[in-house]
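Please look at the sequence and the model shown here, and then read the points grouped by topic.

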Amino acid sequence: MTRLHPYVVKAMTAAEVGTAINWAAAEGWNPGLHDADCFLAADAGGFLMGFLDEEPVASISVVRYGRSFAFLGLYIVKPEHRGKGYGRALLVDLAKIARDRGCGRMEWAVLDWNDPAIQFYRRMGAKPMDEWTVFRLTDDGIATLASS
Ligand SMILES: CC(C)(COP(=O)(O)OP(=O)(O)OC[C@H]1O[C@@H](n2cnc3c(N)ncnc32)[C@H](O)[C@@H]1OP(=O)(O)O)[C@@H](O)C(=O)NCCC(=O)NCCS
């Protein structure tokens, strides 16, 4: 894992996953109430946190849902620590894990208005998948479909 002294990246504990979910809520991403439990059940090892002198400052998740698919999320650096290289260091660690596991693809979603993140992803060589649209059913829609 990356050591950008004194920045260290480690696997998250369950409590730290809760912290990352709270950061996601603070970003206005509206995480589900049981997201942490579901993610942990799917892949307890799929969460990385960056620490600065023991203080958690950055998070990313790569939850594996099978042999060949992992969903990347919770990519957040605490606002006061942005722009110092910690976010990029997390993605470099992910790329190393992907390469070493023989994984041929990394994909994630970004909100259309998040231009700083989009420009950053383009600069690091990622390409937008413009022809794809994400569809989502939430509680009510699932219940309606299930009982139809
Ligand atoms: C996206 C994010 C995780 C990046 O973490 P970070 O530690 O700030 O990023 P780094 O310091 O490693 O810099 C990464 C890139 O972003 C650029 N960047 C950093 N701060 C920036 C800012 N305020 N505006 C525009 N670009 C910025 C850097 O130039 C760098 O690009 P480069 O490597 O091509 O020069 C962080 O900004 C963040 O938490 N944003 C809010 C949550 C979010 O949007 N997450 C992504 C959802 S898809």
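In which helix is the place of Ala95? Ala95 has its place in helix H3. The structure is a predicted model, in which local features need pLDDT of at least 70 and side-chain atom pairs count only at pLDDT 80 or more, while totals for chains, interfaces and linings use all residues. Residues are numbered from 1 along each chain as its sequence is written.

**Confidence**

- The chain has a mean pLDDT of 88 (pLDDT is the predictor's confidence in each residue, from 0 to 100), and 97% of its residues reach 70 or more.
- Among the elements of the chain, the lowest mean pLDDT, 59, belongs to strand S1 (residues 3–4), and the highest, 95, to helix H4 (residues 115–123).

**Overall architecture**

- The chain contains 5 helices and 5 strands; helices (H or I, at least four residues) and strands (E, at least two) are DSSP runs, numbered from the N terminus.
- From the N terminus on, the order of the elements is β-β-α-α-β-β-β-α-α-α.
- The radius of gyration of the chain is 16 Å, close to the 15 Å that the globule rule gives for 148 residues, so the chain is as compact as a globular protein of that length. The radius is taken over C-alpha atoms, and the globule rule is 2.2 Å times the number of residues to the power 0.38.
- The C-alpha trace spans about 55 × 35 × 30 Å along its principal axes.
- Of the contacts in the chain with a separation of 6 or more, 52% are between residues 24 or more positions apart; two residues are in contact if their C-beta atoms, placed from the backbone, lie within 7 Å.

**Burial and the nonpolar core**

- Buried residues make up 22% of the 148 residues in the chain. A residue is buried if 20 or more other C-beta atoms lie within 10 Å of its own, exposed if 12 or fewer, and partly exposed in between, with C-beta atoms placed from the backbone.
- The largest nonpolar core has 25 residues, and those touching the most other members are Val17, Ala20, Leu48, Ala58, Ile60, Ile76 and Leu90. Such a core is a set of buried Ala, Val, Leu, Ile, Met, Phe, Trp, Tyr and Cys residues joined through C-beta atoms within 7 Å.
- Two or more residues of this core come from each of helix H1 (14–26), helix H2 (35–42), strand S3 (47–52), strand S4 (55–64), S5 and H3.
- Beyond its neighbours within four places in sequence, Ala58 has contacts that include Ile76, Val77 and Leu90.

**The ligand shell**

- There are 17 residues around the ligand, of which Arg82, Gly83, Gly87, Arg88 and Pro116 come nearest; a residue is near a molecule if its C-beta atom, placed from the backbone, lies within 6 Å of it.
- Strand S5 (70–77), helix H3 (86–100) and H4 each supply at least two residues of the shell, and the largest share, 4 residues, comes from H4.
- H4 is hardly covered, as the count of buried residues among its 9 residues is 0.

**Individual residues**

- Ala95 counts as partly exposed because it has 13 C-beta neighbours inside 10 Å.
- Ala95 lies 8.1 Å from Met106, C-alpha to C-alpha, and the two are 11 residues apart in sequence.
- Glu54, in the loop between S3 and S4, has a positive phi of about 75 degrees although it is not a glycine.
- Leu74, in strand S5, has a positive phi of about 50 degrees although it is not a glycine.
- Glu54 is exposed, with 7 other C-beta atoms within 10 Å, whereas Leu74 counts as buried, with 27 C-beta neighbours inside 10 Å.
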